[in-house]
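Reader: I am new to this kind of model and would like to learn how to read its features one by one. Could we begin with a single residue and go on from there?

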Amino acid sequence: MTENISSQTEVTSLDFQQVDVFSSVPLRGNPLAVVEKADALSAAKMAAFANWTNLSETTFLLKPEHPDADYRLRIFTPYSELPFAGHPTLGSCHVWLSSRNFPAGRDIMQECGAGLVRIRRDNGRLAFAAPTLRRKGPLEPELLTQIRKGLNLSEKDIVSAEWVDNGPGWLSLLLKDRQTVLSLKPDFQAIAGIRVGVVAPAAEEDDVDFEVRAFSAAGFEDPVTGSLNAGITQWLIGSGLASSSYIARQGTVLGRAGKVYVTQSGGEMWIGGDVVTCVKGVLSL
């Protein structure tokens, strides 16, 4: 994006919400900034605003271009645009629905850089159909060694390792137990540029089935990550390592209480979660 935003003097007023995704309690999930009816904004202004919010993602709701879509979504990190991301999908749909009397029982169709993504309302939550993996299969031995050293893991700590990339570039390690997941202190310099997810079975007394953590390519831990969980779901259920319905918890180390509700239905994996609105206002750009 080479456009100079300083040359754009006209101010546009837009409705804006900040929501918390994968939690029914404010401040316990993953925050998302959502700008509504953003068709008048240039890509440069979108990127600049996303950089300013400094959230993991900021999204912009637009009129659809595909005839089957209900709306189009552009997703920006502080530094780049993503073709797809999970918690922005659910949070943006929540905002889009908030001003509409959408027919009950019909799936919502989101258009984004990765194509069309179906979203449905399920027991008061929203859930999206996990996109097809762009890359799957075992990790290359050299890459696995790099990640293992970067996470200070022994070979015995790792049960399996797979690519689970549905757009952002995730790979994931299945670790031996929850405590190993929670005790990780990653060396972000050693894994710079790589999106690493880790997952392990939860303790038997827990109210969830798996514990998840996500380490971004930019050097921080993401609180609750829909795209990663969508990829992990296809790997775990597809290989028989998880049942067709389970709950994953994420964000524990960061003081969050994110829960991701996974269901397999008719050959599709659905990734669901609660969304709560924290901020509503008008944005001037």
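Reader: Is serine 92 buried or exposed?

Author: First, some ground rules. This is a predicted model, in which local features need pLDDT of at least 70 and side-chain atom pairs count only at pLDDT 80 or more, while totals for chains, interfaces and linings use all residues. Residues are numbered from 1 along each chain as its sequence is written, and side-chain values use heavy atoms, with hydrogens and water left out. As for the term, buried means under 20% relative accessible area, exposed over 50%, and partly exposed in between (1.4 Å probe, protein chains only). Serine 92 has 0% relative accessibility, so it counts as buried.

Reader: Where does serine 92 lie, and which residues does it touch?

Author: Helices (H or I, at least four residues) and strands (E, at least two) are DSSP runs, numbered from the N terminus. Serine 92 is part of helix α2, residues 86–98. Contact means heavy atoms within 4.5 Å. Leaving out residues up to four places away in sequence, serine 92 touches Leu32, Val34, Thr59, Leu61, Tyr71 and Leu73. A polar contact is a pair of N or O atoms within 3.5 Å; within protein, one must be able to donate a hydrogen and the other to accept it, and residues adjacent in sequence count only if both atoms are side-chain atoms. Here the side chain of serine 92 reaches the backbone oxygen of proline 88 at 2.6 Å.

Reader: Which residues does serine 227 touch?

Author: Serine 227 sits in helix α5, residues 226–238, and is buried, with a relative accessible area of 4%. Residues up to four places away in sequence aside, it touches Phe84, Ala85, Gly86, Asn166, Pro168 and Trp170.

Reader: How many disulfides does the structure hold?

Author: A disulfide is a covalent bond between the sulfur atoms of two cysteines. The working test is a pair of cysteine sulfur atoms within 2.5 Å. The structure holds 0 of them. For cysteine 112, the closest cysteine sulfur is that of cysteine 93, at 12 Å, too far for a bond. Cysteine 278 also has its closest cysteine sulfur in cysteine 93, at 17 Å, again too far for a bond. Cysteine 112 is buried at 9% relative accessibility, whereas cysteine 278 is partly exposed at 38%.

Reader: Which residues of helix α3 are buried?

Author: In helix α3, residues 141–150, they are Leu143, Ile147, Arg148 and Gly150. Seen down the axis of α3, these buried residues fall within an arc of 165°, so they line one face of the helix. The arc is that of the directions from the helix axis to the C-beta atoms. Pro141, Glu142 and Lys149 are exposed on the other side of α3. The cover over the buried residues of α3 includes β10 (158–165), β11 (170–175) and β12 (195–201). Just after α3, asparagine 152 takes a positive phi of about 55°.

Reader: What covers the buried residues of α1?

Author: The buried residues of α1 are Ala44, Lys45, Met46, Ala47, Phe49, Ala50 and Thr53. Their cover includes β1 (13–21), β2 (30–35), β3 (58–62), β4 (71–76) and β18 (275–284).

Reader: How many aromatic pairs are found in the whole structure?

Author: Rings of Phe, Tyr and Trp (its six-membered ring) pair if their centres lie within 6.5 Å; planes under 30 degrees apart count as stacked, over 60 as edge-to-face and the rest as tilted. The search finds 9 aromatic pairs. In one of them, the rings of phenylalanine 49 and tryptophan 52 have centres 5.8 Å apart and planes at 25°, so the pair is stacked. An α-helix has 3.6 residues a turn, so residues three or four places apart point the same way. Phenylalanine 49 and tryptophan 52 are 3 residues apart in helix α1 (residues 43–53), about one helical turn. Phenylalanine 49 is buried at 5% relative accessibility, while tryptophan 52 is exposed, with a relative accessible area of 66%. In another pair, the rings of phenylalanine 188 and phenylalanine 215 have centres 6.0 Å apart and planes at 75°, so the pair is edge-to-face. This pair links distant parts of the chain, 27 residues apart: phenylalanine 188 is in the loop between α4 (178–182) and β12, and phenylalanine 215 is in strand β13 (residues 210–215).
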